[in-house]
Structures are given as C-alpha cells and as structure tokens.
Amino acid sequence: CALPISLILVANFVAVPLLVVVLTRSFQLKAELAVGMVLLGAAPFAPVVPVFTKMVRADLALAAGLTSIVPLISAFLTPLVSMLALRGVTASGELQFHVLRTLGILMATITAPLLLGVAINHYAPAFKRRVLRPVEILSEATGGVSLTVVTLAEFGSILKTGWLPLLAMLISSEISCALCYWLGGPERATRRVVALGTSNRNIALALLLAVESFPGTEIIAAVVANGLLLILLGLLHVAFWRFVQDRSN
C-alpha cells in the first residue's frame with residue numbers, strides 16, 4: 001500500500017473522531033445522539049468494506065488486509081479513543097464509559113477470534129479451506145440478522161433521531177471519504193479502498209460499545225440510524241465510481 005499504515009490509523013482513530021466531535025458540537029446535538037455518533041467515529045473499517053471494494057473493482061487484497069488488521073487494533077484503541085472523544089460531547093459524569101470492561105469484551109470478541117483464525121491458517125490450512133466459506137456465510141448472515149433485529153427493536157427511536165444528526169454524520173463521512181481518497185496514493189484502486197474503509201464505520205463494534213456501556217438509551221438508536229446512513233452513502237460511492245467515474249475514463 002502506497003499510503004503508510006500509520007497515516008491510515010491516524011486518519012481513522014484521530015482525524016475522524018475529532019471531526020465527529022467538532023460537528024456534534026457545531027450542530028449542538030443532544031448528548032445521547034452525539035455519543036452514538038462518537039462511538040461510530042471511533043470504530044473504523046466496517047466488515048462490508050471488502051464487499052464494496054469488490055463491487056467497485058478496487059484492490060480487494062488491500063481491503064481484506066486492512067479489514068483484518070484495523071479491527072484487531074480497534075480492540076485496543078477504540079475504547080480509549082471513545083473515552084477521550086466523549087469528553088468533548090458530554091458533561092463530566094453525565095455518561096459513564098467503562099473502558100477496561102469494554103477492552104476485555106473486545107479482546108474476547110475480536111482479538112481472540114482473529115488470533116484463532118491466524119493459528120488455524122498456519123497450522124491447519126486444509127481445515128481452513130473446508131470451513132472458510134461456511135464461516136464467512138454464517139458470519140455475514142449473523143451480522144445481517146443482528147442489525148435487522150436491532151433496527152426493528154429501535155425503529156421508533158430511530159425515527160425520532162431527526163435529520164440534524166444524520167446531516168452531521170453525512171458531512172463527516174463525505175469529508176473523510178474525500179480526504180482519504182486524496183491521500184490514498186497514486187493508484188485509483190488503493191484510493192477507493194482507503195476512502196471506503198475510512199468513511200464506512202463499523203456498526204457492529206459501535207453497537208457493542210453502546211450496548212455494553214449505555215443500555216436502554218437513545219445512544220443505541222443513534223448508532224443504528226447513523227450506521228444505516230453510512231451504508232447507504234457507501235453504496236452511493238460505489239455506484240458513482242463504478243457507473244460514472246469508470247465509464248468516463
């Protein structure tokens with residue numbers, strides 16, 4: 001990748017969360033909505049990025065690599081980034097974010113499975129080839145069902161989110177996408193991967209943080225509403241690159 005991994009990490013764990021904080025404060029959003037957006041801002045590279053990358057005919061190997069590496073790093077950085085960013089959108093003591101407990105949960109649900117997968121790939125490649133596709137299908141189905149269930153459960157609250165937080169998240173996503181496309185190196189395929197990964201945040205990770213630290217609040221609905229918007233924007237980027245930019249060239 002022509003773009004150093006350190007710059008990708010700075011963009012995803014510093015620039016995007018900071019941008020989200022600035023926008024939530026500029027739009028004077030209520031604390032619960034702002035927190036949901038911050039949690040998304042601190043959770044980069046959604047698992048859907050390789051799917052979008054394949055659709056837009058970009059660098060699939062790079063997308064798969066970053067989508068594996070960044071979540072592993074997220075298990076350690078996302079709780080810390082969230083804690084720091086939340087100080088910018090909530091009053092002291094208003095909402096409590098449990099850093100150490102969240103860190104333990106993320107290590108158990110992200111780090112441990114990834115390390116297990118690396119070990120299986122190294123020591124049992126034949127077994128890996130047999131189970132890889134079924135595991136991918138099960139993982140994608142589980143993610144889709146989980147998001148659907150949460151969306152239906154929080155549907156009433158999602159409708160009450162309003163357009164202002166969605167506008168703020170849209171601005172954040174588009175600035176992130178444009179900036180990382182510009183910084184993504186000389187190759188268009190690489191630019192698209194970095195832009196898609198940075199602008200599409202990890203809804204599952206943000207939801208895990210929200211459910212763990214803020215159960216029964218509007219924060220969960222804010223995560224889902226803004227997360228669905230990011231998926232829609234990702235699809236629009238894919239459509240533009242595939243059917244407008246590629247055809248014009």
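The structure is a predicted model, in which local features need pLDDT of at least 70 and side-chain atom pairs count only at pLDDT 80 or more, while totals for chains, interfaces and linings use all residues. Residues are numbered from 1 along each chain as its sequence is written, and side-chain values use heavy atoms, without hydrogens and water.

Helix α9 (residues 188-199) packs against helix α11 (residues 218-248) at an angle of about 165°, with the axes 10 Å apart; the two helices are therefore roughly antiparallel. The contact (heavy atoms within 4.5 Å) involves Arg-188, Arg-192, Ala-195, Leu-196 and Ser-199 of α9, which meet α11 residues including Leu-230, His-237 and Trp-241. By class, this contact of α9 with α11 comprises five nonpolar, four polar and three charged residues.

Helix α8 (residues 163-183) also packs against α11, the axes coming within 10 Å and crossing at roughly 40°, and α8 and α11 are therefore oblique to each other. On the α8 side, the residues in contact include Pro-165, Met-169, Cys-177 and Tyr-181, and on the α11 side Leu-230, His-237 and Trp-241 are among them. The contact of α8 with α11 divides into 11 nonpolar residues, four polar and one charged.

Helix α10 (residues 203-213) is mostly covered, with eight of its 11 residues buried (under 20% relative accessible area, 1.4 Å probe, protein chains only). Among these buried residues are Ile-203, Leu-207 and Glu-212.

Note on methods: Buried means under 20% relative accessible area, exposed over 50%, partly exposed in between (1.4 Å probe, protein chains only). Helices (H or I, at least four residues) and strands (E, at least two) are DSSP runs, numbered from the N terminus. Axes are lines fitted to C-alpha atoms, for helices over the stretch in contact, and angles run from 0 to 180 degrees between N-to-C directions. Angles under 35 degrees count as roughly parallel, over 145 as roughly antiparallel, 65 to 115 as roughly perpendicular and the rest as oblique. Ala, Val, Leu, Ile, Met, Phe, Trp, Tyr, Cys and Pro count as nonpolar, Asp, Glu, Lys and Arg as charged, and the others, Gly among them, as polar.
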